[in-house]
Amino acid sequence: MNFKDYIRDIPDFPKKGVVFKDITPLLEDPKAFRETAAALLAFTDGLKVNKVVGIESRGFFFAPLLADRLGAGFIPARKPGKLPHRIHRKEYDLEYGTDALELHAESISPGDRILVHDDVLATGGTARAICDLVTDLGGEVVQCNFLIELSFLKGRTRLDGFPLKSLITY
């Protein structure tokens, strides 16, 4: 399946000069959705994972599916102020600004083997923030999975040292 056929470009969103990769058509098509989940799951063959971190918000579409199929727990990485309990926070740079992500402090225990999943790898700031949070809490990032990689933004370089897979590359 050519997954790129299900990705729509939205120019000047969320701000002028950014071309947003809209995955909504992929999510709306049952076959494309199922095939995408299967392809992302295939990236984990042979990995021992006990938790999957999904990054808000579009990382929430596939991360829980991966967790379920791997027999692992799902951990939501949320934007500030969304988690109700004791948190760990990490700020990061986006290709169009800055932001922060938070995890519940007790979500990751020393020795946990973590798969990090998000929809897009752009500059790498978001994924790097989560990888740093995971390691700060004693977990091990066994792999980072992405639906889309925007290779021209060189986000892969910020994740040097972490195994990385992406399904679609632009």
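Me: Why does Asp9 count as partly exposed?

Reply: The model is a predicted one, in which local features need pLDDT of at least 70 and side-chain atom pairs count only at pLDDT 80 or more, while totals for chains, interfaces and linings use all residues. Residues are numbered from 1 along each chain as its sequence is written, and side-chain values use heavy atoms, with hydrogens and water left out. Asp9 has a relative accessibility of 43% and therefore counts as partly exposed, given that buried means under 20% relative accessible area, exposed over 50%, and partly exposed in between (1.4 Å probe, protein chains only).

Me: What makes Lys21 count as buried?

Reply: Lys21 counts as buried because its relative accessibility is 10%.

Me: How do you know that Asp9 forms a salt bridge with Lys21?

Reply: The closest N and O atoms of Asp9 and Lys21 are 2.6 Å apart, and a salt bridge is a side-chain nitrogen of Lys or Arg within 4 Å of a carboxyl oxygen of Asp or Glu, so the pair qualifies.

Me: Why is Ile10 called partly exposed, and what does it touch?

Reply: Ile10, whose place is in strand 1, is partly exposed because its relative accessible area is 29%. Not counting residues up to four places away in sequence, Ile10 touches Val18, Val19, Phe20 and Asp22, where contact means heavy atoms within 4.5 Å. Ile10 and Lys21 are 6.5 Å apart in space, C-alpha to C-alpha, and 11 residues apart in sequence.

Me: What makes helix 2 and helix 3 oblique to each other?

Reply: Helix 2 (residues 30-42) and helix 3 (residues 63-70) pack at an angle of about 60°, and their axes are 10 Å apart; such axes are lines fitted to C-alpha atoms, for helices over the stretch in contact, and angles run from 0 to 180 degrees between N-to-C directions. Angles under 35 degrees count as roughly parallel, over 145 as roughly antiparallel, 65 to 115 as roughly perpendicular and the rest as oblique, and helix 2 and helix 3 are therefore oblique to each other.

Me: Which residues of helix 2 and helix 3 meet?

Reply: Phe33, Ala37, Leu40 and Leu41 in helix 2 meet Leu65, Leu66, Arg69 and Leu70 in helix 3. The residues of this contact divide into 7 nonpolar, no polar and 1 charged, where Ala, Val, Leu, Ile, Met, Phe, Trp, Tyr, Cys and Pro count as nonpolar, Asp, Glu, Lys and Arg as charged, and the others, Gly among them, as polar.

Me: Why does Asp160 count as exposed?

Reply: Asp160, in the loop between helix 5 (155-158) and strand 9 (164-169), counts as exposed because its relative accessibility is 64%.

Notes: Helices (H or I, at least four residues) and strands (E, at least two) are DSSP runs, numbered from the N terminus.
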